[in-house]
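Student: I want to learn to read a model feature by feature. Where do we begin?

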Amino acid sequence: MIRPILRYGEDVLHQPAAAVADITPEIQQLIDDMIETMYAAPGIGLAAPQVGVALRIFVADVSAGRNPADLLTFVNPEFVERGGAQREEEGCLSVPGFNATVARSSRTVLKGLARDGREQVVEATGLLARCFEHEMDHLDGTLFVDHLRGLQKTLIVGKIRKLGRSGKW
Ligand code: NI
């Protein structure tokens with residue numbers, strides 16, 4: 001089932017999410033819904049708070065559905081390593097219509113549980129490394145907009161507030 005994606009300004013997006021205690025059938029259904037919602041959007045990553053669930057789960061597929069092996073689910077993920085640097089433009093399904101250049105690590109290693117509860121460790125570079133950091137941010141209540149400073153941030157937040165006031169957000 002495709003779930004509605006919440007937008008910047010919703011409380012659940014701006015608060016840390018809680019660890020998952022047990023991968024129950026309900027959690028697996030949530031994961032399946034998140035995958036369906038991510039592909040439908042379309043996007044390359046989606047975190048549970050974006051569908052209103054304050055739990056530490058995200059799904060990602062940097063091939064956007066072209067390569068089934070690229071689909072990843074992480075439950076209770078933690079960084080094992082982060083290194084290097086990259087600056088690329090990124091967006092977010094919860095901040096539609098806006099993009100900005102964000103500084104990220106160029107290499108990240110993430111460990112956590114897969115959909116079936118198995119422990120997994122995934123090493124990422126390039127786009128996937130950036131995606132991991134972006135999705136991990138979501139689990140801590142941080143959006144890419146929060147990394148911006150000065151005029152760039154003021155502009156984006158101002159435009160979002162204006163859209164909100166006219167009921168278009
Ligand atoms: Ni996002």
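Tutor: This is a predicted model. Leaving aside neighbours within four places in sequence, D33 is in contact with M1 and R3.

Student: Is D33 buried or exposed?

Tutor: Compare its relative accessibility with the cut-off: buried means under 20%. D33 has 2%, so D33 counts as buried.

Student: Now the metal. Which residues coordinate the nickel ion?

Tutor: The donors are C92 (SG), H134 (NE2) and H138 (NE2), at 2.1 to 2.3 Å. Their sequence spacing is C-x41-H-x3-H. C92 lies in the loop between β4 (86-90) and β5 (100-104), and H138 in helix α2 (residues 126-139), so this pair ties together parts that are 46 residues apart in sequence. Both C92 and H138 are buried.

Student: How do I read a pocket? What is the volume of the largest pocket?

Tutor: The largest pocket has a volume of about 240 Å³. Its lining has 15 residues, and the closest to the pocket centre are I44, E90, G91, C92 and H134. Two of these, C92 and H134, are also nickel donors.

Student: Which element gives the most to the lining of the largest pocket?

Tutor: α2, with six residues. The elements giving two or more residues are β4 and α2.

Notes: Residues are numbered from 1 along each chain as its sequence is written. This is a predicted model: local features need pLDDT of at least 70, side-chain atom pairs count only at pLDDT 80 or more; totals for chains, interfaces and linings use all residues. Side-chain values use heavy atoms; hydrogens and water are left out. Buried means under 20% relative accessible area, exposed over 50%, partly exposed in between (1.4 Å probe, protein chains only). Contact means heavy atoms within 4.5 Å. Donors are N, O and S atoms within 2.8 Å of the metal (3.2 Å for Na, K and Ca); water is not among the atoms, so sites may look incomplete. Helices (H or I, at least four residues) and strands (E, at least two) are DSSP runs, numbered from the N terminus. On a 1 Å grid over the protein atoms alone, a cavity is a set of points where a 1.4 Å probe fits but cannot get out, and a pocket is an open set with protein on both sides within 12 Å along at least five of seven lines; lining residues have an atom within 4 Å of a point. Grid points are joined across faces, edges and corners, and a volume is the space filled by probe spheres set on the points.
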